Amino acid sequence: MILLLLTLCSLVLLRQLAVILSPTDPVPDRTYLVVEGWQDEDSLLAALALFNAEGYQYMITTGGPNIRFLSPAHASYAEQAGAFMLVHGLDNDKLIMIPAPESAQERTYLSAVMVRDWLDIKGSNLTELNVHTSHVHARRTRSLYREAFPDFKIGIYAAVPQSFELRQWWKTSDGAKSVITELIGNTWVACCFHPGEPGSHYEKWAVEKSSQSSDPR
């Protein structure tokens, strides 16, 4: 009987996995909306609509080097997303692009650290920050931003996927691939990711250009 109950509970949890990985739970502050720049166009448009609807003052686009193309139009996902937002009507005065260097450890975390450093230089007295990202990546993004901003309340928005339904994620290859990848990513962050002290080389763990040039990959 106990085994049957455990099996049923496991099946229910498995079916809800995509929903669990895609929380939307923003905090009240509407000064900055951080938008992860690697998202697809549908997610970026959703972020822009949210920015306008919620009355945010500024949008911060983030992301490291654009590695999807050999000769990208923009060097980083932060710049690529920023250009996309401008084309779709965002005022230039409201856009802040914060590129990150290539990370040897965790790209989302390094982007969060770059945002934190920028806010520190700005002398911001904020204690809350909202981040917009792509559906099942949301739980990992929030965890990593909380790690980078230990004194902040971090809110999160998860874009709705266009290629699968959260409650039936296992019915499509995109859904299965996305959920399984994020489950592994969240598990790794929980058990194995240990950033260094704030401001240290180990916290940023960036790949230096000299090491990139000598790497045959």
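How many bridges pair strand 1 and strand 4, and in which sense? The two strands pair in the parallel sense over three bridges, where pairing requires that DSSP finds at least two bridges between two strands. The model is predicted, so local features need pLDDT of at least 70 and side-chain atom pairs count only at pLDDT 80 or more, while totals for chains, interfaces and linings use all residues. Residues are numbered from 1 along each chain as its sequence is written, and side-chain values use heavy atoms, with hydrogens and water left out. Helices (H or I, at least four residues) and strands (E, at least two) are DSSP runs, numbered from the N terminus.

Strand 1 spans residues 32-36. Because five of its five residues are buried, strand 1 is largely enclosed by the rest of the structure; buried denotes under 20% relative accessible area, exposed over 50%, and partly exposed in between (1.4 Å probe, protein chains only). In a regular strand the side chains alternate between the two faces of the sheet. In strand 1, Tyr32, Val34 and Glu36 point one way, Leu33 and Val35 point the other way, and all are buried.

Strand 1 also runs parallel to strand 2 (residues 58-63), to which five bridges join it. Leu33 stands opposite Met59 of strand 2, and the bridge partner of Val34 in strand 2 is Ile60. In strand 4, the partner of Val34 is Val131. A crossover is right-handed if, with the strands pointing away from the viewer, the path from the first strand over the helix to the second runs clockwise. Strand 2 is largely enclosed by the rest of the structure, because five of its six residues are buried. Strand 2 is joined by five bridges to strand 3 (residues 95-99), and these two run parallel; within this pair, Gly63 stands opposite Pro99.

Strand 4 (residues 128-134) pairs with strand 5 in the parallel sense over seven bridges. Strand 5 (residues 153-159) is mostly covered, with six of its seven residues buried. Together with helix 6 (residues 138-148), strands 4 and 5 make a right-handed β-α-β unit.

Arg142 is located in helix 6 and counts as buried, because its relative accessibility is 9%. Arg142 touches Pro23, Asp25, Ile154 and Ile156, not counting residues up to four places away in sequence; contact is defined as heavy atoms within 4.5 Å.

His135 lies in the loop between strand 4 and helix 6. With 12% relative accessibility, His135 counts as buried. Residues up to four places away in sequence aside, His135 touches Leu21, Ser22, Ala158, Ala159, Pro161, Phe164 and Ser178. His135 and Val19 are 116 residues apart in sequence and 8.7 Å apart in space, C-alpha to C-alpha.

Ser22 lies in the loop between helix 2 (17-21) and strand 1, and counts as buried at 11% relative accessibility. Its side chain reaches the backbone oxygen of His135 at 3.3 Å. A polar contact is a pair of N or O atoms within 3.5 Å; within protein, one must be able to donate a hydrogen and the other to accept it, and residues adjacent in sequence count only if both atoms are side-chain atoms. Not counting residues up to four places away in sequence, Ser22 touches His135, Val136, Ala138, Ala158 and Leu166.

Helix 7 (residues 173-192) has 20 residues and reaches 28 Å from its first C-alpha to its last, close to the 28 Å expected at 1.5 Å a residue; the expected span is 1.5 Å times one less than the number of residues. Gly175, Val179, Glu182, Gly185, Asn186 and Val189 of helix 7 are buried. Seen down the helix axis, these buried residues fall within an arc of 130°, so they line one face of helix 7; the arc is that of the directions from the helix axis to the C-beta atoms. An α-helix has 3.6 residues a turn, so residues three or four places apart point the same way. The cover over the buried residues of helix 7 includes helix 2 and helix 6. On the other side of helix 7, Ser173, Lys177 and Ile184 are exposed.
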